[in-house]
Amino acid sequence: MADFMGSKAYCCFKCQNLVAFHDDIVSKDFQASSGRAFLFSHAMNISLGPKEDRQLITGLHTVADVYCSDCGEELGWKYIKAYEESQKYKEGKCVLEKFKIVVRGSQTNLENYYDD
């Protein structure tokens, strides 16, 4: 099944645990250290690592790494706090790396799935 209640579902590439829905994508223009990433307004079946301050491309943020709740694979990070006013929209949202998530039912990652 490629979707759930009409929305494309994304899973951990390692164990196929459901972690997000397409309708929750805020932006496809994020950059992780290993390549492109998506900003999601909501993610599920994840666990968070400890909070820490990180200097990212867009400034200082308090973030927590995001892990798959089933297999423990690191999938990205969650913005806990943004210190710059223009970055406040990221608070509470999760960044998931494209190569760490797959479309539900697919065995291939998203690295070349979306070109837009």
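A residue counts as buried when its relative accessible area is under 20%, as exposed when over 50%, and as partly exposed in between (1.4 Å probe, protein chains only). By that rule, phenylalanine 40 is buried, at 0%. Welcome to a predicted model, in which local features need pLDDT of at least 70, side-chain atom pairs count only at pLDDT 80 or more, and totals for chains, interfaces and linings use all residues. Residues are numbered from 1 along each chain as its sequence is written, and side-chain values use heavy atoms, leaving out hydrogens and water.

**Aromatic rings**
- Rings of Phe, Tyr and Trp (its six-membered ring) pair if their centres lie within 6.5 Å; planes under 30 degrees apart are stacked, over 60 edge-to-face, and the rest tilted.
- The whole structure has 4 aromatic pairs.
- One of them joins tyrosine 10 and phenylalanine 38 edge-to-face, with centres 6.5 Å apart and planes at 65 degrees.
- Both partners are buried: tyrosine 10 has 0% relative accessibility, and phenylalanine 38 has 0% too.
- Tyrosine 10 also meets phenylalanine 40 edge-to-face, at 5.9 Å and 70 degrees.

**Cysteines**
- There are 0 disulfides here, a disulfide being a pair of cysteine sulfur atoms within 2.5 Å.
- For cysteine 68, the closest cysteine sulfur belongs to cysteine 15 and is 3.5 Å away, so it is too far for a bond.
- Cysteine 68 is buried, at 1%, and cysteine 94 is buried, at 3%.
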